[in-house]
Amino acid sequence: MATNTEAPRPAEQTLFVRKASGLVKGWSTTDGFRYSFFSTNIFLGIWGFLYATFIPGGSVFWAVVITTICVLLEVVVYAGLISAMPRAGGDYVWQSRVFHSSVGFVFGATGWWFILWLWIPIYAALCVNSFIKPILRILGANGAADWLGKPTGVFVASLATIALATYLVAVGMKAYATFQKWALWFGLAGITVAGIILLFTSKAGFISAFNRESLHLYGTKDAYQATLAQFGKGMPSSMFSGSVWQTVRLIPFMLFWLLWPNWGATLYGEVRGAKDFRKNIYQMGGGLLSAAVIGIIFLFLVVKTIGYKFFMASANGYESYIYGYVTKTPHNGDYVSPTAMISWVVNNSAFQVILIAVISLLVFGWWGTVFLSSTRMIFASAFDRILPEGVAKVTSGGVPVIALLLMVIPSIVVSALYAYQPTFVRLTYDATLVIAVMFLFSGLAFMIMPWRVKSIWQNSALPKAKIFGIPWMAVIAALYSIFLAFNIVLWFYDPTNTYGTGYKNGSSLIFMGVLYVAAIVVWIIAWAVRKRQGMALEAVAKEIPVE
Amino acid sequence: MKVRLFFATDVHGSEVCWRKFINSAKHYEVDVLILGGDMTGKAIVPVVENGPDRWQYHMQDQQHDLQGDDEIDKAERLIRDHGYYPVRLSREQVQELTAEPERLEELFATERRRTVERWVAWADERLAGSGIQCIVCPGNDDQPDIDEILATSKEIIVGEGNVIDMPGGYQLVSSGWTNLTPWDTPREEDEPALHARIEAIVKQASAPPERLVLGLHAPPFDTQLDVAPKIDWDSLTVQGQDTAHVGSTAVRQIIDEVQPLLSLHGHIHESRAAVRIGRTLAVNPGSSYVEGTLSGCVVELDGKSKVKRYRLTMG
């Protein structure tokens, strides 16, 4: 009976390779790691911790740990999908192949294209509040900082994000890729310095510095104590304590940060095969685990130096102001970002600005790629004839004008809604939910791959080991799908409207409904038009008989 | 007369992709099949004797232990489907091949020729009496010796260096030569030489541009068809996320000058796309041979001067 086992490195030659084009070493492990690490961005985590104040009965620490472990399933699933079908287009292509063209398009378009319109103002808000406003405050440019907090400021920041993302797709990623390399190392150096400051600063020293800078920048005396007094009630004093159920309820918030080690999935191409599966795991898993470990270290340092209850109270203050529950906070409604708080420990404005700016590279080195995967998805569906040919048109300079417009124009509309329509900011978690739905269908596609597309499964480099006759890979995909489905249920069945994505939030349902209906309508129109032209969309990915 | 054609490329020794290519005529209901180059495999997988009636091979980081003819046959089929050549060897023979590159080269030639002969026989059997025109052009990765094997076929027309009449008064200008690559492959040359080569073939064509189809393995430079990960030519390593246009300026120049109706390309597997260059529709369907999937493109010519419609396929 034939047996297949994971092979130790054999002493003898097991493959003779001749000179042939395309035989290259793929994305280096460092490149893949960098992309995953950027994507599970620590600042998404810190931004996500803001929302943990909505579930004070849960343990943030254990929520991070559980989420990380569960997302490791995603790492295996996506490493497998990339290894079996290394294709630009990612989820769209995989789902089209395994399920149907319509499934691939509806979930691919909503997940990689439509919902990224909402990520634009989220990115902008994160950057403005975490870095730009704190720097402006330190520099004394209070007028500019205040303006950035107003709807027009939020909208203009979103437009700037759109402009940058458009510019990068238009002129190419070459310079940005170089910038990314440096941004990672400088950003890591920045957070290392921040970590050292937290490690060697006493809590009393931190409180003193915090109060000093709050008085200097906001005119508020004893801001630390004032924040605790105004917003500390009901906030947890330990990141470990919490009921199991409330901790589980925190997981959908943690996914806002940790769901993305697979973000580079659409960017992998054909590379020299042998070790790809494991290498992909190392890359994505390394990015995820590093981000989680840094996040956890940050939380421990928060407990030691900043005070956990204060940290949550400060977040609660900002959330309360944004959601209109209060009109005044010790920091005039500003988000006091942890980066700013830490920089304030050193009583030197130049140092504070430099530290915040250097740490911000971890975000600025990453957000420019927001349109990259979208344009790939748009191109892939145009080549499959779902979208008109013109959508994939590029100018003589190589600029994908139409694909970019399909991102830019709706992004402007959604950014305007986010800035000027107060209820829209509550839809932040729609941005995670819609992509999670797409990931769920990719998980399901991977789960049934051994049976549904047997030839691809057999040709793949994936381990074929079985348990009770079922491939381990399918079992892992099933567990991953269950994990995502569970979170999706939490997001939708949300009687207290904690996540802002459930049935209690009509705006959210309408927004997501519009996205899905739009994708379905586009596919149906394409199907009808192509059918009239004698072209069956579903045949695009139908397997040709072998015998 | 309307003409439907199916174009695929870069199957790189994958037996399952070759079979799919031949069967695609019926599947997509086309009149003409065109394979755009790089037919032959890149690697030999030694299936090593491991005791009486026991064999072992390694592929994709997995060790496979086999016993009996059925298991070996099945494994060899799997290896062939992946685009590699399975060869049964003793451990001593493996060591000899490792030490003697000339003997390894001979073995590659033997396996390459044997495989192409088998493919030709299979195609002849399948296409006999079908009325399907099947044009196969080798690519830069294919040694010159396969042209003569293809030429023995009753059903296959060899593309290299030729102008081929297609139904409906269309003509195909075909060449598998490319611009220089980092791998020093059998059919590559510098841009001026490539331009001269293609121009010479184009001059043989009698069809007007609106009935001319170019089948050139190298994609035109600076298009969506020629984007590949940037490679360091010395170490053959990918340079991060950086990409580069690696197509041929000669091919681009020919398309710009001649403005054929259609231009079919391959070579860059990850650059699956279709673009307009002036009035020319240029297509690279990419390649997914590693997973046993045939990437292709169905094109319908309207019988006059236009491409009526096209679609990229994954079959």
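This is a predicted model: local features need pLDDT of at least 70, side-chain atom pairs count only at pLDDT 80 or more; totals for chains, interfaces and linings use all residues.
Residues are numbered from 1 along each chain as its sequence is written, and chains are lettered from A in the order in which they are written. Local features need pLDDT of at least 70 and side-chain atom pairs pLDDT 80 or more, whereas totals for chains, interfaces and linings use all residues; side-chain values use heavy atoms, without hydrogens and water.

Helix H4 of chain A spans residues 91–98 (helices are DSSP runs of H or I with at least four residues, and strands are E runs of at least two, numbered from the N terminus). Eight of the eight residues of H4(A) are buried, so this helix is largely enclosed by the rest of the structure (buried denotes under 20% relative accessible area, exposed over 50%, and partly exposed the range in between, with a 1.4 Å probe and protein chains only). Among them are Tyr92(A), Trp94(A) and Arg97(A). The cover over H4(A) includes helices H3 (60–84), H5 (101–114) and H19 (430–452) of chain A, and strand E18 (307–314) of chain B also contributes. Beyond its neighbours within four places in sequence, Gln95(A) contacts residues including His100(A), Phe107(A), Met438(A) and Phe441(A) (contact means heavy atoms within 4.5 Å).

A nonpolar surface patch is formed by Val401(A), Ile402(A), Leu405(A), Ile409(A), Val413(A) and Leu417(A), which together have about 450 Å² of accessible area. Patch members have over 30% relative accessible area and no salt bridge, with nonpolar side chains (Val, Leu, Ile, Met, Phe, Trp, Tyr) joined within 5 Å and like charges within 9 Å; areas follow the Shrake-Rupley method with a 1.4 Å probe, only the protein chains shown counting as cover for residues. Ile402(A) belongs to helix H18 (residues 401–420) and is partly exposed at 33% relative accessible area.

Chain B is divided into domain 1 (3–41 + 110–314) and domain 2 (44–109), with bounds from an automatic or database domain assignment. The C-alpha centres of these domains of chain B lie 31 Å apart. In chain B, 16 residues of domain 1 are in contact with 13 residues of domain 2. The two domains of chain B bury about 1,200 Å² between them, 45% of it on carbon and sulfur atoms (buried area is the accessible area, 1.4 Å probe, that two parts lose on being put together, summed over both). Gly41(B), Glu111(B) and Arg112(B) supply 37% of the area that domain 1 buries against domain 2, more than any other three residues. Zero salt bridges are found across this interface of chain B (a side-chain nitrogen of Lys or Arg within 4 Å of a carboxyl oxygen of Asp or Glu).
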